[in-house]
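Trainee: I am new to this structure and would like to examine it by question and answer. May we begin once it is displayed?

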Amino acid sequence: MSLFEHLSIAFDSIRNSPVRTFLTTLGVLIGVFAVILLVGLGDAVQTYVLDTFAGVGSNLLQVHAGRQETRGFQPSSGNSRNKLSLRDYEALDKRGLLLDGVSPVVLGSSELRLGDLRRNVVVFGVGPRYLELRNLAIGRGRFLEPEDLDGRRRVVVIGETIVGELFGDDKSPLGATVYLGSTPYRVVGVTQKKGKTFGFDMDDLALIPATSAQDLFDIETITHLLARAKDKNTVEPAIEEVGELLADRRGGTIDFTIYSQDDMMEMVNRIMGTLKFFLGAIASISLLVGGIGIMNIMLVSVKERTREIGVRRAVGARWRDILLQFLVEAVVVSVLGGLAGVALGAVVIRIVAHFQPDLPVGLSLENVVMALGFSAAVGIAAGVVPAMRAADLDPVEALRYE
Amino acid sequence: MSETPVIALSGVSRVYELGAERIQALRSVDLVVQKGELLAIIGPSGSGKSTLMNVIGALDTPSGGSYQIDGQAVSGLSDDQLAQVRNQKIGFVFQSFNLLPRQSALDNVALPLRYAGYSRAERRAKSERALRRVDLGDRLGHTPEQLSGGQKQRVAIARALVTEPAILLADEPTGALDQATGKEIIELFLRLNREEGVTVVLVTHDPQVAARTRRVVTLVDGRVVEDGPPKGGS
């Protein structure tokens, strides 16, 4: 008997009890739906994060205070006595031969006020090279200059989101005075629209000279340093150079950590890999439960159809015909559940994509094939025992069964 | 008597072992059935009728003795080969019809052909012909639920006939029917035997049914105690 014949028998049986089939498939349906959704979202987040890193520039280095022996990105800022200072920045800026641009970063947040309008903003105290290091650009006016840093000038470059909220569309912000805390700042530039990175609105920040930020937040340290290696191939030597320059200034003590983009990508990949593994594991459990459901129903079905099995054997069905009949039925039921799960997953992914346009969620062919493969495997695993039981029935006993 | 007998049992025994108990269901049964015969196997319940039927139908294998169906030795066949024998040589008719409930008459009749590997078109043609032979040519699409008891048994007979088997083996075919319908079914067997030369073996405990045949084999306690034309009756 051909596989096609077995399929046709399976579909007959399914057509005969649609409600039961639906209930049977429910477990696999939910399982596959979970696989599709969770793995799909995991992929999307990973792609998103990696794309974002790539957009930042892969030869970018970050220096954080505190020594971190293990690789991977784990910024710690509080546990070191020797923090990073602006003199570290100057050292790298002047003496870093392999570096193409260095910027200090002093991070904080403050109230921003224009007349009666107030809002909180994230304040980046930075150097003149910051903009290009982060692949940002100036839209109107100018960016911060070395003199702004040296003179601790109260000047600010703001993003379009803030401009829109405080000044509206028609008023030019350039030259206006805004207050950060109680200090007046003159708006000298507006950054070009960039959109969100890691969910953070890059147009919703205020950039001021790092020196001014230290005054604003009343600190003498800086949060971290950004430096860019001249090109991709000199990232490792650049890391060494930065390390030596900073260690020199500390009499050989290494109380800072240098991260490259590779480290961060590796970290993201590792985290996402773990996350996807756990999501997959959760989804697998629901598939397992689905499989148990199918097995259960198939066992009941074999019992109920004992007579039918006897008749089939009497009219010439071989052992393997009966085995395949039930095995194929289990696989068909499971794959139907899988298909429904994929369909449901596709719908939900579309909904997620609608509400989170930044997230590159999608249904990859690979995931669909994987999910259907899984459901077929679940069907086989769930069907083997009932099918064996059916095929092993003694025809005489089966015909006598009431 | 030069023709190969359809059924040739010689010294057939069948022993069941239920735990420590040994049940001798058949004791040295000899039975030869020629092509075109119409016979009844009768006997009280527990006499071994069912066992004999299962052995003849290749559903069960003898513990001892030899059995040939249509010249082919059944003893020693594999499970698959027994299935093939059932498919090609035997047409079963059961007391309770044993039709697949939600399938049409046509599909029910076509069931043995599926296992014989016929194409869809061949199955349809052969099944239609078989249903016409039992006067059900106008009920092809009906499911068993939509058929009367007599019609169901006709469908079952068509299913038994569809592979052109060597024998039609019917186990109490009138047991689930009222008397009038039962009579019709017996008439159908008689007609198939008379007009088409189909070999028919009826297993029954109904003496009226047995009386319509030309040969009655009486089984008592697993032994053939009588084998000859029906007594009395008509």
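Trainee: Does A:Leu336 count as buried, partly exposed or exposed, and why?

Mentor: Please keep in mind that this is a predicted model. A:Leu336 lies in helix 11 of chain A. A residue is buried under 20% relative accessible area and exposed over 50%. Because the relative accessibility of A:Leu336 is 32%, the residue counts as partly exposed.

Trainee: Which residues form the nonpolar patch on the surface, and which helix gives the largest share of the patch?

Mentor: The nonpolar patch consists of A:Leu3, A:Leu7, A:Phe11, A:Leu336 and A:Leu339, with about 410 Å² of accessible area together. The largest share, three residues, comes from helix 1 of chain A.

Trainee: Which residues form the negative surface patch, and which helix supplies the largest share of the patch?

Mentor: The negative patch is made of A:Glu236, A:Glu240, A:Glu244, A:Asp248 and A:Asp262. Four residues, the largest share, come from one element, residues 235-249 of chain A. That element is helix 8.

Trainee: What separation do the C-alpha atoms of A:Thr274 and A:Gly42 have?

Mentor: A:Thr274 is found in helix 9 (residues 261-304) of chain A. With 40% relative accessibility, A:Thr274 counts as partly exposed. Along the chain, A:Thr274 and A:Gly42 are 232 residues apart, while their C-alpha atoms are separated by 10.0 Å.

Trainee: What radius of gyration does chain A have, beside that of a compact globule of 402 residues?

Mentor: The C-alpha trace of chain A spans about 100 × 55 × 30 Å along its principal axes. Its secondary structure comes to 13 helices and twelve strands, and 51% of the 402 residues count as buried. A compact globule of 402 residues would have a radius of gyration near 21 Å, but the value for chain A is 32 Å.

Trainee: Why does the radius of gyration of chain B agree with that of a compact globule?

Mentor: Chain B has seven helices and ten strands, and 55% of its 234 residues count as buried. Its C-alpha trace spans about 50 × 45 × 45 Å along the principal axes. The radius of gyration agrees because a compact globule with 234 residues would have a value near 17 Å, and chain B has 17 Å.

Trainee: How many salt bridges are found over all chains, and which residue meets A:Glu308 in one of them?

Mentor: Side chains of opposite charge can pair when their charged atoms come close. A search of the whole structure finds 44 salt bridges over all chains. A:Glu308 is buried at 14% relative accessibility, and its side chain meets, at 3.2 Å from N to O, that of A:Arg305.

Trainee: Is A:Arg305 buried or exposed?

Mentor: The cut-off for buried is under 20% relative accessible area. Because A:Arg305 has a relative accessible area of 12%, this residue is buried.

Trainee: Which residue meets B:Arg133 in a salt bridge?

Mentor: B:Arg133 is buried, with a relative accessible area of 17%. The side chain of B:Arg133 forms a salt bridge of 3.2 Å, N to O, with that of B:Glu164. This pair links distant parts of the chain, 31 residues apart: B:Arg133 in helix 4 (residues 120-133) of chain B, and, in the loop between helix 5 (149-161) and strand 7 (167-171), B:Glu164.

Trainee: How far apart are the closest N and O atoms of B:Asp227 and B:Arg215?

Mentor: B:Asp227 counts as partly exposed at 41% relative accessibility, whereas B:Arg215 counts as buried at 13%. The two residues form a salt bridge, and their closest N and O atoms are apart by 2.8 Å.

Trainee: Which residues are linked with A:Glu5 in a network of salt bridges?

Mentor: The network contains residues of chain A and of chain B. Linked with A:Glu5 are A:Asp12, A:Arg15, B:Arg114 and B:Arg123.

Conventions. Residues are numbered from 1 along each chain as its sequence is written. Chains are lettered from A and ligands numbered from 1 in the order in which they are written. This is a predicted model: local features need pLDDT of at least 70, side-chain atom pairs count only at pLDDT 80 or more; totals for chains, interfaces and linings use all residues. Side-chain values use heavy atoms; hydrogens and water are left out. Patches are made of residues with over 30% relative accessible area and no salt bridge: like charges are joined within 9 Å, nonpolar side chains (Val, Leu, Ile, Met, Phe, Trp, Tyr) within 5 Å. Accessible areas come from the Shrake-Rupley method with a 1.4 Å probe; for residues, only the protein chains shown count as cover. A salt bridge is a side-chain nitrogen of Lys or Arg within 4 Å of a carboxyl oxygen of Asp or Glu. Lys and Arg count as positive and Asp and Glu as negative; His and the chain ends are not counted. The place of a charge is taken as NZ of Lys, CZ of Arg, CG of Asp or CD of Glu. Helices (H or I, at least four residues) and strands (E, at least two) are DSSP runs, numbered from the N terminus. The radius of gyration is taken over C-alpha atoms; the globule rule is 2.2 Å times the number of residues to the power 0.38. Buried means under 20% relative accessible area, exposed over 50%, partly exposed in between (1.4 Å probe, protein chains only).
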